[in-house]
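Student: I have a new model open. Can we go through how to read it, one feature at a time?
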Amino acid sequence: MSTSAQAMQSTETCNITREIIRCANFSAIKHKDQRRKDPEMTPYINHPIGVAYILTEAGITDLSVIQTALLHDTVEDTSTTFDEIEAEFGKEVRDLVAELSDDKTLMKEDRKRLQIEHAPHASPKAKLVKLADKLHNLRDLQRTVPRGWSQQRVRRYFIWAAKVVAGLRGTNKIMEDALDEIFKERNVYV
């Protein structure tokens with residue numbers, strides 16, 4: 001590789017890194033006062049970072065997918081708007097975040113049902129983030145049970161997640177295999 005080609009590649013890598021860190025910082029600021037429901041009250045930002053990390057472990061390097069992973073709960077769970085996401089990170093990321101965001105005006109059961117119904121029709125990039133999101137949440141549930149959750153509620157979550165994942169099949173073998181291992185351990189099949 002020529003010196004100028006190496007310099008261009010280095011500049012591109014630096015720009016991508018800068019954008020990922022800028023996005024992680026934006027998400028951290030938005031989620032700064034939020035905590036997970038686990039007994040340790042883990043900072044919420046650990047979740048979007050964990051989702052992005054799972055994607056990189058699964059071989060995903062697409063910048064918009066990684067940014068979407070870092071931002072996937074900002075509109076749903078903070079005062080962030082879709083317009084703000086677009087202004088900061090572009091239309092593609094905005095559209096992906098919108099595709100992954102639940103409508104919080106609906107009842108929880110309706111939102112859960114719609115996730116199952118919409119999963120097969122999601123865009124390929126949204127499916128990647130959704131798989132990583134489910135994998136992160138299920139790993140968290142294996143690690144610890146949220147405050148106030150019964151074992152029956154945990155089991156219902158695993159069954160529901162398996163139904164969502166069923167609509168995402170054929171997206172990424174690495175994540176699907178990891179999810180299948182979890183479902184097998186929990187004796188959950190769809």
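Student: At what angle do the axes of helix α2 and helix α3 cross?

Tutor: Keep in mind that this is a predicted model. Two packed helices are described by the angle between their axes and the distance between the axes. Here, helix α2 (residues 46-57) and helix α3 (residues 63-71) cross at roughly 155°. Their axes come within 7 Å. Angles over 145 degrees count as roughly antiparallel, so α2 is roughly antiparallel to α3. The crossing of the two, α2 and α3, is right-handed.

Student: Which residues of α2 and α3 make the contact?

Tutor: From α2, take Pro48, Ile49, Val51, Ala52, Leu55 and Thr56. From α3, take Val65, Ile66, Ala69 and Leu70. Sort the residues of this α2 with α3 contact by class: nine are nonpolar, one is polar and none is charged.

Student: Now another pair. At what angle do helix α7 and helix α9 pack?

Tutor: Again, look for an angle and a distance between axes. Helix α7 (residues 108-118) packs on helix α9 (residues 151-166) at about 35°. The axes of α7 and α9 are 8 Å apart. On the α7 side, the contact uses Lys108, Lys112, Gln115 and Ile116. On the α9 side, it uses Arg153, Trp160, Lys163 and Val164.

Student: How many residues of each class does the contact of α7 with α9 have?

Tutor: Three nonpolar, one polar and four charged.

Student: Next, burial. Which residues of helix α6 are buried?

Tutor: Buried means under 20% relative accessible area. In helix α6 (residues 91-100), the buried residues are Val93, Leu96, Val97 and Leu100. Now look down the axis of α6. Its buried residues fall within an arc of 100°, so they line one face of the helix.

Student: What covers the buried residues of α6?

Tutor: The cover includes α3, α4 (74-77), α5 (82-89) and α8 (124-143).

Student: Last, the backbone. What is the phi of Met41?

Tutor: Most residues other than glycine have a negative phi. Met41 is not a glycine, yet its phi is positive, about 55°. Find Met41 in the loop between α1 (3-30) and α2. Met41 is partly exposed, with a relative accessible area of 42%.

Student: And where is Asn187?

Tutor: Asn187 sits in the segment after α10 (173-185). Asn187 has a positive phi too, about 60°, although it is not a glycine.

Student: Is Asn187 buried or exposed?

Tutor: Asn187 is exposed, with a relative accessible area of 51%. The cut-off for exposed is over 50%.

Notes. Residues numbered from 1 in each chain as written. Predicted model: local features only at pLDDT ≥ 70, side-chain atom pairs only at ≥ 80, totals over all residues. Heavy atoms only, no water. Axes fitted to C-alpha atoms, helices over the stretch in contact; angles between N-to-C directions. Helix = DSSP H or I, 4+ residues; strand = E, 2+ residues; numbered from the N terminus. Parallel < 35°, antiparallel > 145°, perpendicular 65-115°, else oblique. Left-handed = near helix turned anticlockwise from the far one by under 90°. Contact = heavy atoms within 4.5 Å. Nonpolar A, V, L, I, M, F, W, Y, C, P; charged D, E, K, R; others polar. Buried < 20%, exposed > 50% of the residue type's maximum accessible area, 1.4 Å probe, protein only. Arc of directions from axis to C-beta.
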